[in-house]
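Hi,

Here is the structure I said I would pass on. Have a look at it first, and then read my notes below.

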Amino acid sequence: RPRAPAPQVLTPLRPLDLGFDLQDTGAVVRVNRVDRSSAADISGLTVGDVLLTIDGRPVEGLADLLLAFSASRPGREYYLTMRRGALVTDAVLVTPR
């Protein structure tokens, strides 16, 4: 009998697993820390960035990010839009393999 393909492993992630820490002020979600050589660092996130969207969905609180990261897989790409000072910019955050 042919074998069924192995199911993809979905692993809940936290921002810390990707090398960054966040502060939810109630008004914005701001990057508080970025670990050197982490997925967050490689994507270009910097301390002070305010996250606006993830995969085109608004980030209104930390729960929005936790929901987006809740069923991740290695190598998954997340498309972020963030405000850095007066500049709005995009980044691609890739989960570790």
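How many of the five residues of strand 3 (residues 50-54) are buried? Four of them are, so that strand is mostly covered, going by the under-20% cut-off for relative accessible area. Before you go further, please keep in mind that this is a predicted model.

Strand 2 (residues 29-34) runs antiparallel to strand 3, and two bridges join them. Val-29 is the residue that stands opposite Leu-51 in that pairing. Strand 5 (residues 77-84) also pairs with strand 3 in the antiparallel sense, this time over four bridges. Leu-51 turns up again here, with Met-82 as its bridge partner in strand 5, while Val-50 stands opposite Arg-83. If you are following the side chains along the strand, remember that in a regular strand they alternate between the two faces of the sheet.

Strand 3 also pairs with strand 4 (residues 57-58), again antiparallel, over two bridges. Thr-53 has Pro-58 as its bridge partner there. These two strands form a hairpin with two residues between them, and Asp-55 in that hairpin has a positive phi near 50°.

Next, the inside. The largest nonpolar core holds 21 residues, and Leu-51 is among those with the most contacts inside it, along with Phe-20, Leu-45, Ile-54, Leu-65, Phe-69 and Leu-93. Two or more residues each come from strand 1 (20-24), strand 2, helix 1 (39-43), strand 3, helix 2 (62-69), strand 5 and strand 6 (87-94). As a reminder, nonpolar side chains in soluble globular proteins tend to be buried together.

Which of its residues are buried? Leu-65, Ala-68 and Phe-69 are. They sit on the same side of helix 2, because they cover an arc of only 95° around the axis. The elements covering the buried residues of helix 2 include strand 1, strand 2, strand 3, strand 5 and strand 6. On the face turned away from the buried side you will find Ala-63 and Leu-67, which are exposed.

Back to the strands for a moment. Strand 5 and strand 6 run antiparallel and are joined by eight bridges. One of the pairs is Glu-77 with Val-94 in strand 6. Their hairpin has two residues between the strands, and Gly-85 takes a positive phi near 65° in it.

Finally, a couple of backbone angles to check. Most residues other than glycine have a negative phi. Ser-37, however, has a positive phi, near 65°, and lies in the loop between strand 2 and helix 1. Is Ser-37 buried or exposed? Its relative accessible area is 59%, so Ser-37 counts as exposed. Asp-55, in the loop between strand 3 and strand 4, is another residue other than glycine with a positive phi. At 24% relative accessibility, Asp-55 is partly exposed.

Cheers

Technical notes: Residues are numbered from 1 along each chain as its sequence is written. This is a predicted model: local features need pLDDT of at least 70, side-chain atom pairs count only at pLDDT 80 or more; totals for chains, interfaces and linings use all residues. Side-chain values use heavy atoms; hydrogens and water are left out. Buried means under 20% relative accessible area, exposed over 50%, partly exposed in between (1.4 Å probe, protein chains only). Two strands pair if DSSP finds at least two bridges between them. A nonpolar core is a set of buried Ala, Val, Leu, Ile, Met, Phe, Trp, Tyr and Cys residues joined through side-chain atoms within 4.5 Å. The arc is that of the directions from the helix axis to the C-beta atoms. Contact means heavy atoms within 4.5 Å.
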